[in-house]
Amino acid sequence: MPSHYDDLETRDEDSRHEALARDLPAALARARTAPAMARLLRDIDPAAVTDRAALARLPVIRKAELSEAQRKSPPFGGFATRLTAEFDHVFQSPGPIYEPGRREGDWWRLGRFMHASGVGRGDIVQNCFGYHLTPAGMMFESGARAVDAAVLPAGTGQTELQVRAAVDIGTTCYAGTPDFLKVILDRADDMGEALAIRRAVVGGGALFPSLRQAYADRGIVTRQCYATADLGNIAYETDALEGMIVDEGVIVEIVRPGTGDPVPEGEVGEVLVTTLNPDYPLVRFATGDLSAVLPGTSPCGRTNMRIKGWMGRADQTTKIKGMFVRPEQVAALVARHPEIARARVIADRDGEMDVMTVQVESPAESADLYARSVADTLKLKGDVQIVAPGSLPNDGKVIEDRRSYD
């Protein structure tokens, strides 16, 4: 098997910049043929958006906005460039949120992840992602087809039947959530059956180091990807096991939660994704997930941006004293004062009462300088503490809830 899926993975920096300058304006122009995107980008000249700096000036699309648009204009809210009947599949994820799908090519780009995981011709993939309503099953089946692997569309549950099928057909690769493979393996042990699974491609949940090691102890190489129903594959692990390589079909930005402002390399922030998919061209779509950019290039030879992987949720909206405090309000507080580098709202309890503390990284000496702004932007009064620049944790949190709910 070739070491890389295609030449896109090993491009040099100049080639990547040239491709971005060519592909991004074309993608935006195509996006504007979708009614919702036409409204969002009505004041934008696609030809002028040729780099990341220009992209960062475009509006952010949030899941709540997509959901509301779909409620008003089902099923895709005007974000698709094709009519509903022109797609091969329509999926429904919890929410409900509707997503389109096509059989043409590797529409969700999971083939690149499969290849990086060593899956290819001669493999039989037992696909334990769901095929009912939600798209994960079809996403991974599409990826397996792209690398010429055979697929058992197993779906979820029915563990004894899963074991029987794996034995009878000689399954070599598991696809599914990280923990369900252990359920299958344990059931196989109970049944006295030995499975031929040697690779696992997983997603949809956290792959804890202990679980990865447990599979390795059984001779199973496990790799994970970061994908969503809306965007397809975003990033994936390789044998280097140093973070995740960003997929070639998307542009990833890491921004300060509640804003569209990119953070410095290495700082934890919210993942925004622009997909170059011409059928469903979401631009600066906020995943609600936290991650950070890893510096440098992967030892595996792939040259695209690397991220640390999933690091929690960015939607930190918290109710304090009966009022919701949202990340965008914290961002508005920072925007009022250029000298503030970062801010963090802490919710806690004093006896039976909620209390709010606002920590700001600032060279100022008096916290009174910010009391009015805190009340105006957060709609609550709280204790303001000035902390040294760079002292707040690099965990992407702008709202921390320390209250115990036990």
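The side chain of R102 makes a polar contact with the side chain of E104 at 3.2 Å, and another with the side chain of D279, also at 3.2 Å. A polar contact here is a pair of N or O atoms within 3.5 Å; within protein, one must be able to donate a hydrogen and the other to accept it, and residues adjacent in sequence count only if both atoms are side-chain atoms. Keep in mind that this is a predicted model, where local features need pLDDT of at least 70, side-chain atom pairs count only at pLDDT 80 or more, and totals for chains, interfaces and linings use all residues. Residues are numbered from 1 along each chain as its sequence is written, and side-chain values use heavy atoms, with hydrogens and water left out.

R102 sits in the loop between β3 (97-101) and α5 (111-116). Helices (H or I, at least four residues) and strands (E, at least two) are DSSP runs, numbered from the N terminus. Beyond its neighbours within four places in sequence, R102 is in contact (heavy atoms within 4.5 Å) with residues including R82, F87, W107 and D279.

Another loop, between β11 (250-255) and β12 (269-275), holds G260. G260 and L55 lie 205 residues apart in sequence, with 10.0 Å between their C-alpha atoms.

| Residue | Relative accessible area | Class |
|---|---|---|
| R102 | 10% | buried |
| G260 | 14% | buried |
| C225 | 7% | buried |

As for disulfides (cysteine sulfur atoms paired within 2.5 Å), the structure holds zero. The sulfur of C225 is 12 Å from the closest cysteine sulfur, in C173, so the gap is too far for a bond.

Conventions. Buried < 20%, exposed > 50% of the residue type's maximum accessible area, 1.4 Å probe, protein only.
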